[in-house]
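Reader: I am new to protein models, and I would like to learn how to read one with care. Could you take me through it step by step?

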Amino acid sequence: MRLPAGRWSVRARSTGPAGRVVAGGLALGLAVGFGALAAGCSSDGSGAAADVRITDCVRDPDNHRAVVTGEVYNGSSKRSNYVIQVDVKANDSKIESGLASLFKVNSGARKTFTIRPVGADVPSGTKLTCTVAHVGRIAAE
């Protein structure tokens, strides 16, 4: 199928509640991604990135992967949806990234998140460092 220059569309086929969740997640991810580009979201402590705090960054002893926990405080004046990307470093080398999505965070409210990035095994005793790479925030309807 060929689309005219400058015009394109995405069709999602829903197969029940699970399909709607996937399609909704895709739509939110695209909206937040484009919104982040338009708003110039960054991880330098300004804007939406200032709403996110990592509270723990540890190695799961059972599956040998990183587990990142954190908290969002919605400092905006509107109920908002967030998409958070976290980078994980082992001994100062980036080994993986992970995403969290939080929906309908009320103004002034806090919500926690847990990210279990899929990536390299982390050897026992490895020093992990987790940083917020990007944050997208859009007003929730």
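Author: We go from confidence to overall build, and then to a single residue.

Author: This is a predicted model, in which local features need pLDDT of at least 70 and side-chain atom pairs count only at pLDDT 80 or more, while totals for chains, interfaces and linings use all residues. Residues are numbered from 1 along each chain as its sequence is written, and side-chain values use heavy atoms, with hydrogens and water left out.

Reader: What does the protein chain average in pLDDT?

Author: pLDDT is the predictor's confidence in each residue, from 0 to 100; the protein chain averages 76, and 67% of the residues score at least 70. Over residues 17-45, however, pLDDT stays under 50. Where pLDDT is low, the predicted coordinates should not be read in detail.

Reader: Is Leu128 buried or exposed?

Author: Buried means under 20% relative accessible area, exposed over 50%, and partly exposed in between (1.4 Å probe, protein chains only). Leu128, found in strand β6 (residues 128-139), counts as buried because its relative accessible area is 13%.

Reader: Which residues is Leu128 in contact with, leaving aside its neighbours within four places in sequence?

Author: Contact means heavy atoms within 4.5 Å, and the partners of Leu128 beyond those neighbours include Cys57, Arg59, Val88 and Val122. Leu128 and Arg59 are 69 residues apart in sequence, yet 7.7 Å apart in space, C-alpha to C-alpha.

Technical notes: Helices (H or I, at least four residues) and strands (E, at least two) are DSSP runs, numbered from the N terminus.
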